[in-house]
Amino acid sequence: MEYAEIARAESERGELVLRERRPENGPSSLELRANGVFVMDTVEVTTERALATAALDVVEAPVAVVVGGLGLGFTMHEVLADSRVEKVAVVEIEQALVDWMRNGTVPHGPALLADARVTVVVADVAVALAEAAPSSYDLVLLDVDNGPDFLVHEGNAELYRAPFLHSVRAALRDGGALAVWSASRSPDLLAALTTVFGSAEEQAHDVTLQERAERYWLYVARVPSNA
């Protein structure tokens with residue numbers, strides 16, 4: 001297996017690298033790493049898409065959606081495929097990643113970001129949602145690192161705790177939902193979501209990542225329609 005670095009950037013959070021994986025047989029693929037930690041690739045994207053569908057399936061009118069974490073765009077792509085969605089705010093803290101998607105360094109990026117429904121906000125998602133107007137969104141999808149137990153950045157631990165989850169709940173309309181991606185099972189996250197929302201659902205997804213069997217997890221919590 002050969003690897004070729006496509007792009008590299010530094011910020012106060014560390015190093016972000018996009019590289020191309022070139023197997024001896026088969027097509028090449030892209031891989032995103034932050035501070036040397038695997039974040040995602042363009043081969044196994046089923047759970048990135050499932051993050052969107054799990055929440056879209058439980059909300060009657062997902063008109064306005066927040067995607068926390070741009071990644072390589074697969075969650076956003078799934079959201080945009082739903083004709084009910086009218087507005088998607090993508091909150092991404094790394095300007096370089098947004099640039100790579102816009103300028104075609106990630107080949108499928110420009111077409112996704114050209115959708116008129118998309119607004120990209122370069123910011124910390126915790127700050128963006130804390131400042132959001134009450135009851136302004138129908139869905140919040142959170143995939144900013146590898147979940148509460150495999151953090152890419154230690155500061156992201158706050159995203160899985162009650163104070164931030166209360167901010168998300170306040171930003172959601174009645175009947176709205178939050179969905180969170182995690183690389184591992186997290187009873188603490190499930191408990192925090194249940195405390196804040198009243199109930200929450202845990203979903204296990206079996207995947208094959210670079211020829212290894214893995215299990216990823218999605219957590220979904222909903223604001224009651226009569227809240």
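A residue counts as buried under 20% relative accessible area, as exposed over 50%, and as partly exposed in between. The views below show a predicted model.

**View 1. A salt bridge joins arginine 185 and glutamate 202.** The closest N and O atoms of the two residues are 3.1 Å apart. Arginine 185 belongs to the loop between β9 and α7, while glutamate 202 belongs to strand β10, so the pair ties together parts that are 17 residues apart in sequence. Glutamate 202 has 24% relative accessibility and is therefore partly exposed.

**View 2. Arginine 13 and glutamate 94 form a salt bridge between distant parts of the chain.** Their side chains meet at 2.8 Å, N to O. Arginine 13 sits in the loop between β1 and β2, and glutamate 94 in the loop between β6 and α3, 81 residues apart. Arginine 13 is partly exposed at 22%, whereas glutamate 94 is buried at 11%.

**View 3. Arginine 215 meets aspartate 206 in a salt bridge.** The N to O distance is 2.7 Å. Arginine 215 is partly exposed, with a relative accessible area of 43%; aspartate 206, at 58%, is exposed.

**View 4. Strands β3 and β4 form a hairpin.** The two strands pair in the antiparallel sense over four bridges, and arginine 33 stands opposite phenylalanine 38 in β4. Two residues lie between the strands, and asparagine 35 takes a positive phi near 50°. Arg33 also takes part in a network of salt bridges with Arg19, Arg21, Glu31 and Asp41.

**View 5. The largest pocket has a volume of about 560 Å³.** Its lining comprises 38 residues, with Gly69, Glu92, Asp143, Val144 and Asp145 nearest the centre. The lining divides into 20 nonpolar, 10 polar and eight charged residues.

Definitions and conventions. Residues numbered from 1 in each chain as written. Predicted model: local features only at pLDDT ≥ 70, side-chain atom pairs only at ≥ 80, totals over all residues. Heavy atoms only, no water. 1 Å grid on protein atoms, 1.4 Å probe; cavity = no way out; pocket = protein on both sides within 12 Å on 5 of 7 lines; lining within 4 Å. Points joined across faces, edges and corners; volume = space filled by probe spheres on them. Nonpolar A, V, L, I, M, F, W, Y, C, P; charged D, E, K, R; others polar. Pairing = 2+ DSSP bridges. Salt bridge = Lys/Arg side-chain N within 4 Å of Asp/Glu carboxyl O. Buried < 20%, exposed > 50% of the residue type's maximum accessible area, 1.4 Å probe, protein only.
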